[in-house]
Each structure stands twice: as C-alpha cells, then as structure tokens.
Amino acid sequence: MTKDGSQFSSSSSPDNAYIYRHPIRLPRGLRITYGNGVLVSTVVMFNLALCHHLRAYSLCKPTGNLCNHSRGDDHHSRMLVSMASLEKAVRLYELSYCLQLEENLNDGNNVYFTMTTINNL
C-alpha cells in the first residue's frame, strides 16, 4: 500500500477513540496486474469502509436541543442509519483485511495498511 506523509493524522471522536480519516491512495501510473488488481480491490474496500465509518460518525454527532418530538424522531432515525453504516464499515474493513492476508500483500507498506484498518475497527 502507498501512503502520503500527511496521512498520519487522525481525529478524536466523542468517546476519545481515534478515527483514521484519510483514504489510502495508490501511486499514479500503477500498472494493473493480477497482484495489483488485488491491491486495488483491497484499497477500494478500505476506502469505502472509511466512507461508511465517517458517515456514521457524522450522523452520531449531537445536533443541539432535542426537546420537541419531531427532533427526537429525527435523532432516532439518524442513529439507525448510523448503526447500519457502521455495520457496513466493519464488514468492509474485515473483508479488505482478510483479502490482504489471503493474498499475502507483503510489500513495504503492509504495516501501514494493517495498523490503519485495525485502528478503525
């Protein structure tokens, strides 16, 4: 996997957990071979998981005063959508990690991918 030096930042969520928020980027001009196809699939799954994860996080943030009934209903529906997004994110993180293990993608940045995936799980 490739990394950009600026990608080593993360954000703190309300429960003081860290979410790695940056997509993994592939180098320009990457030639697609069978091995690289697996690499690309793994990165795409990770990035899609990250999208679902960040969506769930954004839906969980408090929106202010939830005094009236309609806002309470809105909060409840946002939480349901958030939970569904988190479930998708977990499945995609797990799939990308398992694919990476099965295909033995042991290049120089394997630790980077493994740590970001485990961190977000």
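What does the accessible surface of the protein come to, and what share of it belongs to carbon and sulfur atoms? The accessible surface comes to about 7,600 Å², and 58% of it belongs to carbon and sulfur atoms. Accessible areas were computed by the Shrake-Rupley method with a 1.4 Å probe; for residues, only the protein chains shown count as cover. The model is predicted: local features need pLDDT of at least 70, side-chain atom pairs count only at pLDDT 80 or more, and totals for chains, interfaces and linings use all residues. Residues are numbered from 1 along each chain as its sequence is written, and side-chain values use heavy atoms, with hydrogens and water left out.

The protein holds 3 helices and 2 strands. Helices (H or I, at least four residues) and strands (E, at least two) are DSSP runs, numbered from the N terminus. The order from the N terminus is β-β-α-α-α. Of the 121 residues, 31% are buried. Buried means under 20% relative accessible area, exposed over 50%, and partly exposed in between (1.4 Å probe, protein chains only). Among contacts with a separation of 6 or more, 64% join residues 24 or more positions apart. A contact requires heavy atoms within 4.5 Å.

The mean pLDDT (the predictor's confidence in each residue, from 0 to 100) is 76, and 71% of the residues score at least 70. Helix 1 has the highest confidence, at a mean of 88, and strand 1 (residues 10-12) the lowest, at 50. Two segments stay under 50. Over residues 1-10, where pLDDT is under 50, the model has 33 contacts beyond four places in sequence. Over residues 64-70, also under 50, the model has 3 such contacts. Where pLDDT is low, the predicted coordinates should not be read in detail.

The largest nonpolar core contains 15 residues. Such a core is a set of buried Ala, Val, Leu, Ile, Met, Phe, Trp, Tyr and Cys residues joined through side-chain atoms within 4.5 Å. I24, F46 and Y93 touch the most other members of the core. Helix 1, helix 2 and helix 3 (110-120) each supply at least two of its residues. The largest share, 7 residues, comes from helix 1. Beyond its neighbours within four places in sequence, F46 contacts Y20, H22, I24, Y93, S96, F113, T116, T117 and N120.

N47 lies in helix 1 (residues 34-60). N47 counts as buried because its relative accessibility is 18%. Apart from neighbours within four places in sequence, N47 is in contact with P23 and I24. L30 sits in the loop between strand 2 (18-20) and helix 1. A relative accessibility of 28% makes L30 partly exposed. L30 touches N36, L39 and V40, residues up to four places away in sequence not being counted.

Several positions in helix 2 (residues 69-102) were examined, including A84. A84 is partly exposed, at 32% relative accessibility. A84 and A56 are 28 residues apart in sequence, and their C-alpha atoms are 8.0 Å apart. L86 is also found in helix 2. With 30% relative accessibility, L86 counts as partly exposed. L86 touches H53 and A56, leaving out residues up to four places away in sequence. From L86 to L121 the C-alpha separation is 9.7 Å, across 35 residues in sequence. H76 belongs to helix 2. H76 is partly exposed, at 49% relative accessibility. The C-alpha atoms of H76 and C60 are 10.0 Å apart, and the two residues are 16 apart in sequence.

A search of the whole structure finds 1 salt bridge. The criterion is a side-chain nitrogen of Lys or Arg within 4 Å of a carboxyl oxygen of Asp or Glu. Side chains of opposite charge can pair when their charged atoms come close. Here R78 pairs with D74, and the closest N and O atoms are 3.4 Å apart. The two residues are 4 apart in helix 2, so about one helical turn separates R78 and D74. R78 is buried, at 12% relative accessibility. D74 is partly exposed, with a relative accessible area of 39%.
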